[in-house]
Structure formats: C-alpha cells, structure tokens
Amino acid sequence: LTAVAPPPPILSVDLPPAPLFATTDLFFTAKASFSACATTRSPVAYTWYLGEAPVSSSKHLITGSGATLSVPAGSLPAGKAYTVMLQGLQDGSPPGTVEREFAIRASDLVAQIGRGAKLVSRGRSLPLDASPSRDPDFCGTPPCATDPGLSFRWTCELPGGGACRERAGARGVVEIPRLGATALDLSSVDTEGADSVTVSLVVTKGVRTASAALTFPLAAGEVLDVGLSLSYLAKDGQVPVSGGAQMVVLGQDLLLAEPTGLVTSGDEVFEWGLTGPGLPAGDPRLENPAVFPFGLSGGSVQMNLGSASSILQLGGRYSLSLTVTKGGVRGVSSLALSVDMPPSPGGCAASPLRGEALRDIFTVSCSNWIDDELPLEYAFFTGLANGTDFSSTPRSYTSEHGVRLAVAGVWHRWAVVYDSLGAATATDRISFQVADVGG
C-alpha cells in the first residue's frame with residue numbers, strides 16, 4: 001500500500017486592526033486548523049514573507065518565522081499597499097499557503113502654532129512659529145529636523161470674520177510670508193478697533209492638509225512678550241496635539257507648564273489659571289496641593305495628572321492661562337488643553353467558558369471599540385478568581401488572545417484597551433470554569 005500524505009494545514013492570518021500607519025509597530029498572527037481527514041496534527045512551522053505584491057520567497061521586504069510576525073515602526077513606507085504571505089509546513093504533508101493584503105495609510109499632518117495665544121501690542125510685530133507642525137511619517141517624536149516637504153500658509157482675520165487689511169494705500173488683504181517662522185506687523189494692520197486678531201495656519205504636504213488657529217488679544221500700550229510651553233515630566237516629554245489642543249491623559253504623570261520668551265529678573269508676579277467645563281475662574285479646587293503641588297503663583301506650574309480627575313472631565317477642553325506683571329507692564333498667554341477620552345463603548349467575548357486545564361484554549365476576543373486617537377492596543381490579563389496574582393500580555397494591536405489554563409478552578413480573564421495616547425479602559429472580567437483533565 002502507498003501511504004497518502006495528509007492534507008496541508010488550513011492557514012489564516014490575523015491582521016492588525018485598521019487603519020494601519022507607518023508610525024506604529026505591526027503584529028501579524030498565524031492560525032492553523034486541520035482537515036477532518038488529517039490523522040495527525042503535528043506542530044506547524046510558519047514562514048512569513050511581506051512586501052509589495054506579488055510577494056514570493058525571493059521577492060519580499062521582510063521575512064520571519066514563528067506564529068507572530070513583528071514589523072517595527074518605520075519599516076513600511078506610508079501610502080502603499082502590501083501583501084503578507086504565510087507558509088505553514090507540517091511533517092508529512094505539503095505546505096499550506098495564505099496571502100492577505102493591507103494598506104499603510106499616511107498619517108494625518110499636525111499643525112500647531114508655537115508658544116500659545118498671547119497678549120500683543122497693536123504697534124508691534126507678532127512672531128509666528130509653525131515649527132511644532134510636522135508630518136508624523138517624517139518625524140515621529142519632536143524635536144524634528146526641517147521637513148522640506150511641508151508648506152505653510154498664514155491668514156489673519158478680525159473678530160467678525162473679515163480678513164485683516166492694510167492701513168495704507170488700497171487697503172489690500174494682509175499677506176503673511178509663507179514660511180515656517182515669520183511675523184505679522186500689527187502696526188500696518190487696520191484692526192478697525194477690534195480687541196483681537198485670529199491667525200490661522202494651514203500646513204500642506206502633497207494632498208494632506210492640517211490647520212490650526214490662535215486668537216491673540218490686542219493691547220494699546222506696551223506688553224510683556226510671554227509665551228507658554230507644556231511638557232510631561234515623564235513619558236517622552238512631549239504633549240501631543242489633536243483638534244487644535246494639547247491632549248493630556250489622566251494618570252500617573254506630572255504636567256509642567258513654563259513661560260517662554262520671557263527674560264526674568266526676579267521682580268515678576270506670576271498668576272496661573274485653568275478654566276473649562278465645570279471649572280470656573282477662581283474655583284477653590286485649584287488650590288488643592290494634590291493637583292498643583294507648588295501652587296499657581298510661581299514661575300512655572302506642575303499639575304499632578306494622577307489627582308487632576310477631581311477637577312478635569314474626560315473629553316473636556318480647558319484653557320490654561322498665565323499672566324505676568326512686571327513694573328506695571330503685563331503679559332498674558334494661554335493654551336488650549338483637552339483631556340483624552342479613553343476607548344469606548346466596545347466589549348469582549350469569550351470561548352469556551354468551560355473546559356479542561358492544560359488542554360482547552362480559553363480565548364477572549366474584543367470588538368467594537370472606538371476612539372479618536374488611533375490605533376488601539378490591547379493587553380490581556382489572566383488570574384484565578386480567588387487569588388490576587390495575575391499575568392498579563394504585552395500591549396499589542398491584536399484584539400484576541402487565547403491561553404491554556406494550568407489548574408482546575410474558576411479563572412478570570414479580561415482586557416485593557418489603550419488608545420495611541422495611553423488613555424485606557426478596562427473591560428469586565430469574564431469567568432471561566434476549568435476542570436481537571438478528563439474531569
């Protein structure tokens with residue numbers, strides 16, 4: 001008799017949840033099932049090939065082995081389509097093959113006007129700085145080198161929405177040089193008695209655009225040149241920008257706000273403020289040292305984001321302001337600050353809910369989670385219901401995880417879902433009834 005080779009394993013590939021960006025690590029997961037005709041189910045050896053179609057063992061950008069293919073951030077240029085090919089080989093059977101296509105989307109541009117909205121004199125020049133603007137595919141984390149692909153366009157408007165016009169001559173629309181660092185000469189602008197001007201910035205690269213705007217209050221006399229900067233004392237120091245505001249995540253970190261452009265001599269008076277939803281000016285909760293450990297009257301201010309949930313609302317947009325007085329001259333600056341909402345309102349399902357220790361794979365699958373700050377990451381937690389210890393997986397873009405449980409008993413499994421800024425939501429715990437093998 002001639003032995004018949006068993007059929008190849010039936011392969012599938014779990015792609016990371018879309019959209020996919022060049023700025024994030026990507027993880028592809030292999031799965032294998034077997035034909036009902038298969039008499040043996042020996043381990044499957046996986047080989048990966050990834051590149052632009054068509055992909056083969058001799059034409060690829062990335063290769064790997066094992067049940068997971070990891071692709072580091074920056075490995076795949078944005079704006080292209082790719083194919084990942086998985087081959088699975090089992091002893092005694094021909095190889096199985098499966099291909100999946102996916103696209104790497106170009107990241108959204110970030111437009112930001114540096115130093116915040118500040119009080120400016122009608123008779124002076126207003127410096128304008130677009131250097132915080134960037135293409136995340138060119139520079140993931142500031143500070144960034146100059147990106148020659150970015151172009152800038154500035155416009156000036158009065159409170160009623162009309163364009164700023166020149167005082168003299170034909171009163172033409174004010175033109176601001178299209179540079180990353182430029183200035184608006186307010187002495188040449190007919191402000192028509194308005195108490196502010198709004199400067200808008202449009203950043204362009206290819207077909208992508210992003211915009212930002214700041215409103216600058218005007219003063220008739222001399223003012224102090226005061227800007228504002230915001231940074232984390234932990235993490236990577238940078239506070240990201242989204243929707244025209246600097247996004248902060250409530251948690252265990254300190255937020256540092258400092259004046260910029262101000263030459264201090266020691267006789268300045270500083271007054272900080274924070275207003276927004278449920279937080280009027282002068283709210284006594286601002287005096288809480290658990291939130292502001294050094295108060296609101298120093299040359300800088302620190303906010304404890306671990307305690308700030310007592311005054312800040314998730315999803316709220318706030319104004320952080322600084323007023324500096326020196327010798328009767330005043331300077332004012334402010335920044336828009338938004339509190340990141342954690343992912344919602346999805347859930348997780350499990351299968352099977354009953355099974356045997358060391359044999360069955362207990363899987364938790366999460367779906368329908370949404371957030372403005374993509375992509376989402378998932379970490380999975382496992383522990384005995386009557387214990388205090390649990391294990392966890394590293395954060396990844398895979399929304400499903402299965403594990404064999406070691407001993408009989410009631411087990412809990414759950415997930416924590418993170419957005420790209422780190423805001424997190426923990427799911428409900430799912431109970432599993434695990435029996436001894438053969439029990």
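Since the model is predicted, local features need pLDDT of at least 70 and side-chain atom pairs count only at pLDDT 80 or more, while totals for chains, interfaces and linings use all residues. Residues are numbered from 1 along each chain as its sequence is written, and side-chain values use heavy atoms, with hydrogens and water left out.

On the overall build, the chain has 34 strands and zero helices. Both kinds of element are DSSP runs numbered from the N terminus, with helices (H or I) needing at least four residues and strands (E) at least two. The chain is more spread out than a compact globule, because its radius of gyration is 28 Å, well over the 22 Å that the globule rule gives for 439 residues. That radius is taken over C-alpha atoms, and the rule is 2.2 Å times the number of residues to the power 0.38. Laid along its principal axes, the C-alpha trace spans about 100 × 50 × 35 Å.

As for what is tucked away, 43% of the 439 residues are buried. Here buried means under 20% relative accessible area, exposed means over 50%, and partly exposed is in between (1.4 Å probe, protein chains only). The chain exposes about 21,600 Å², and carbon and sulfur atoms supply 53% of that area. Such areas come from the Shrake-Rupley method with a 1.4 Å probe, and for residues only the protein chains shown count as cover.

Now the cross-links. The structure holds three disulfides, each being a pair of cysteine sulfur atoms within 2.5 Å. Counting bonded cysteines along the chain, the pattern is 1-2, 3-4, 5-6. One of the links joins cysteine 139 and cysteine 144, with sulfur atoms 1.9 Å apart, and it is left-handed, at -80 degrees about the S-S bond. Cysteine 139 is buried at 9% relative accessible area, whereas cysteine 144 is partly exposed at 30%.

Another disulfide pairs cysteine 156 with cysteine 164, their sulfur atoms 2.0 Å apart. This link is left-handed as well, with -55 degrees about the S-S bond. Both ends are covered: cysteine 156 is buried at 4% relative accessibility, and cysteine 164 is buried at 1%.

The remaining disulfide is between cysteine 348 and cysteine 366, with sulfur atoms 2.1 Å apart. At 95 degrees about the S-S bond, the link of cysteine 348 and cysteine 366 is right-handed. Cysteine 348 sits in strand E26 (residues 347-351) and cysteine 366 in strand E28 (residues 361-367), so the pair ties together parts that are 18 residues apart in sequence. Cysteine 348 is partly exposed at 23% relative accessible area, while cysteine 366 is buried at 6%.

Setting aside neighbours within four places in sequence, threonine 182 is in contact with Leu126, Pro127, Leu128, Trp154, Ile176 and Pro177.

Finally, the backbone. Most residues other than glycine have a negative phi, and most peptide bonds are trans. A cis bond joins alanine 53 and proline 54, with omega about -5 degrees; proline 54 belongs to the loop between strand E4 (44-51) and strand E5 (62-65). The bond from serine 344 to proline 345 is also cis, with omega near -15 degrees, and proline 345 is found in the loop between strand E25 (329-339) and E26.

Arginine 115, not a glycine, has a positive phi of about 75 degrees. It lies in the loop between strand E8 (96-105) and strand E9 (117-118), and is partly exposed at 24% relative accessible area. Glutamate 192, also not a glycine, has a positive phi of about 55 degrees. Glutamate 192 sits in the loop between strand E15 (189-190) and strand E16 (196-205), where it counts as exposed at 55% relative accessibility.

Terms used: Contact means heavy atoms within 4.5 Å.
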